[in-house]
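Trainee: Could you help me learn to read backbone angles and aromatic contacts in a model?
Mentor: Gladly, let's look at it together.

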Amino acid sequence: MHPADPTSIDPAQTAIPDQLLLLPLRQRILEQRLGVRAVHLHRAGRTELSCRFAEDTAENIYSVSKTVTALAVGIAADEGLLDPQDLLSDHLAAPSGGYGAGVEQVRLRHLLTMTSGSPVLGFLDEQRDHPDLTSLLLGTDLLAEPGQLWEYSNGSIFLLSRVIGERTGQSLRDWLMPRLFEPLGILNPQWHTTRDGHSWGATGLHLRSGQLARIGRLLLQRGEHEGAQLVPATWIDALHAEDAWVPTGDPEPESAHYGLGVWRCTPEGAWRADGALGQLLVVLPAQDAVITVTARLEGRGAAEILRAVWEELLPLL
């Protein structure tokens, strides 16, 4: 490649002009058709960078919603509404048929780490469309003792949304408005609800890419935004602490460990929020940076986008 080509960037260079920094990643995204809609890069004390491949409309961020719900748990704990070590049964009463076998041993932390042992994962139509998903979850026998089995679950995170709803008398979305969304300039976010009107918590939050990037910056800045501590710094640290990681058994290295609503990445110290089709908030503490990606990558795992970031952008930071 000719040296004058702006995409010919030597990763060994120590200073890459800002206007060139995203070009190698952009090229890879286009060549490999990774379905990316937008990329935002925030580095502490540096110019914000972004590149866009589609109009910036509010889109479902899918399971990045789980990380937002995990932030809500930290805020609620700071307000004295709950403790992650609380039993679920301390907050949600038994349904008419009683708790399912083992449910009374489930703690909120098990829900955060998806180790509750419940077989109600919230993906089947009959579960998503159930008129009382809360009672279905609470009344179903566990498959395993809490803490023993990891299984990716919308149901577990939905129960955290329900706990906050019971404690506050508001939907999770409405309760978070003055505490998280409005301070971040997210003024009217839409969040899908169950048939009986409860915020899903696990999925269904719709944001523009720039709004999502503000949540990414909040993660990097350990819960601080423009001088206000929206989420306790100790809680942000706890999400990805060494003792938080649970082995998932997934052969994909990028999906091998799950924490408190977040995933561990393969680069040392990196962690992320991750939603279907390539919605990503990648926190890079060593580089004091966060990368936000929105995408619609069909038929392939988002690990392809992550590997593009590791190979085309990370060496330049």
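Trainee: Where is the place of Glu226?
Mentor: Keep in mind that this is a predicted model. Glu226 sits in the loop between β6 (224–225) and β7 (228–229).

Trainee: What is the phi of Glu226 near?
Mentor: The general idea comes before the case. Most residues other than glycine have a negative phi. Glu226 has a positive value, near 50 degrees, and is a residue other than glycine.

Trainee: Does Glu226 count as buried or exposed?
Mentor: Exposed is over 50% relative accessible area. Glu226 counts as exposed because its relative accessibility is 71%.

Trainee: Which residue has a positive phi of about 70 degrees although it is not a glycine?
Mentor: That is Leu277. Leu277 is found in the loop between β11 (271–275) and β12 (279–284). With a relative accessibility of 22%, Leu277 counts as partly exposed.

Trainee: Now for the rings. How many aromatic pairs does the structure hold?
Mentor: There are nine aromatic pairs. One of them joins Trp150 and Trp263, with 5.9 Å centre to centre and 70 degrees between the planes. Planes over 60 degrees apart count as edge-to-face, and the Trp150 and Trp263 pair is edge-to-face.

Trainee: Which parts does the pair of Trp150 and Trp263 tie together?
Mentor: Trp150 lies in the loop between α5 (133–139) and α6 (154–168), while Trp263 is in strand β10 (residues 263–264), so the contact ties together parts that are 113 residues apart in sequence. Buried means under 20% relative accessible area. Trp150, at 18% relative accessibility, counts as buried, and Trp263, at 9%, also counts as buried.

Trainee: Which residues form one aromatic cluster?
Mentor: Phe123, Trp150, Tyr152, Tyr258 and Trp263 do.

Notes:
Residues are numbered from 1 along each chain as its sequence is written. This is a predicted model: local features need pLDDT of at least 70, side-chain atom pairs count only at pLDDT 80 or more; totals for chains, interfaces and linings use all residues. Side-chain values use heavy atoms; hydrogens and water are left out. Rings of Phe, Tyr and Trp (its six-membered ring) pair if their centres lie within 6.5 Å; planes under 30 degrees apart count as stacked, over 60 as edge-to-face and the rest as tilted. Helices (H or I, at least four residues) and strands (E, at least two) are DSSP runs, numbered from the N terminus. Buried means under 20% relative accessible area, exposed over 50%, partly exposed in between (1.4 Å probe, protein chains only).
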